[in-house]
Amino acid sequence: MALRKSTKLPQPPLIKQILKRCSSLGRKDDHGLRLDVPKGHFVVYVGENRSRYIVPISFLNRPEFQTLLHQAEEEFGFDHDKGLTIPCQQHVFESLTSMLR
């Protein structure tokens with residue numbers, strides 16, 4: 001029996017930490033309500049009003065998005081139950097994510 005090499009690239013610890021919290025499909029919150037985050041996506045909060053966005057996990061590998069993640073880690077940390085808070089203006093975030101899709 002031959003051993004197969006993994007095709008997965010090693011992931012930085014930051015991305016691993018975020019991925020551990022991402023999959024919410026089928027889970028329920030503390031009040032028994034179903035979470036609306038589909039598998040393969042995660043929640044971020046952006047802007048002064050903390051607008052909620054559901055973004056694909058694939059964004060985590062993009063350098064443009066990783067810059068935002070590093071800023072978020074420095075300002076807010078990653079110990080949030082509901083999603084990540086991104087220190088960015090809403091229109092800037094929307095522009096960036098529209099280019100990443």
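1. Helices (H or I, at least four residues) and strands (E, at least two) are DSSP runs, numbered from the N terminus. On that basis the protein chain has three helices and three strands, and their order along the sequence is α-β-β-α-β-α.

2. This is a predicted model, in which local features need pLDDT of at least 70 and side-chain atom pairs count only at pLDDT 80 or more, while totals for chains, interfaces and linings use all residues. Residues are numbered from 1 along each chain as its sequence is written, and side-chain values use heavy atoms, with hydrogens and water left out.

3. Of the 101 residues of the protein chain, 33% are buried. The chain exposes about 7500 Å², of which carbon and sulfur atoms supply 51%; accessible areas come from the Shrake-Rupley method with a 1.4 Å probe, and for residues only the protein chains shown count as cover.

4. Contact means heavy atoms within 4.5 Å. Taking contacts in the protein chain between residues at least 6 apart in sequence, 46% join residues at least 24 apart.

5. Strand pairing requires that DSSP finds at least two bridges between two strands. Strand 1 and strand 2 are antiparallel, with six bridges, and form a hairpin with four residues between them. Gly47, in the turn, has a positive phi of about 85°. Within this pair, Tyr45 is opposite Arg52 and Val46 is opposite Ser51.

6. Strand 1 also pairs with strand 3, here in parallel and through three bridges. Tyr45 has Thr85 as its bridge partner in strand 3. Five of the six residues of strand 1 are buried.

7. A nonpolar core is a set of buried Ala, Val, Leu, Ile, Met, Phe, Trp, Tyr and Cys residues joined through side-chain atoms within 4.5 Å. The largest such core has 18 residues, and Val44, Val55, Phe65, Ile86 and Phe93 touch the most other members. At least two residues come from each of strand 1, strand 2, helix 2, strand 3 (84-86) and helix 3. Helix 2 gives the most, with four residues.

8. Ile86 deserves a separate entry. Leaving aside residues up to four places away in sequence, Ile86 touches Val44, Tyr45, Val46, Gly47, Leu68, Leu69, Ala72 and Phe76.

9. In helix 3 (residues 90-100), the buried residues are Phe93, Leu96, Thr97 and Leu100. Viewed down the helix axis, the buried residues of helix 3 fall within an arc of 95°, so they line one face of the helix; the arc is that of the directions from the helix axis to the C-beta atoms. An α-helix has 3.6 residues a turn, so residues three or four places apart point the same way. His91, Ser98 and Met99 are exposed on the other side of helix 3. The cover over the buried residues of helix 3 includes strand 1 (41-46), strand 2 (51-56) and helix 2 (63-75).

10. A salt bridge is a side-chain nitrogen of Lys or Arg within 4 Å of a carboxyl oxygen of Asp or Glu. By this rule there is one salt bridge. Arg62 forms a salt bridge with Glu64, with the closest N and O atoms 3.8 Å apart. Arg62 is partly exposed at 31% relative accessibility, and Glu64 is partly exposed at 36% relative accessible area.

Methods. Buried means under 20% relative accessible area, exposed over 50%, partly exposed in between (1.4 Å probe, protein chains only).
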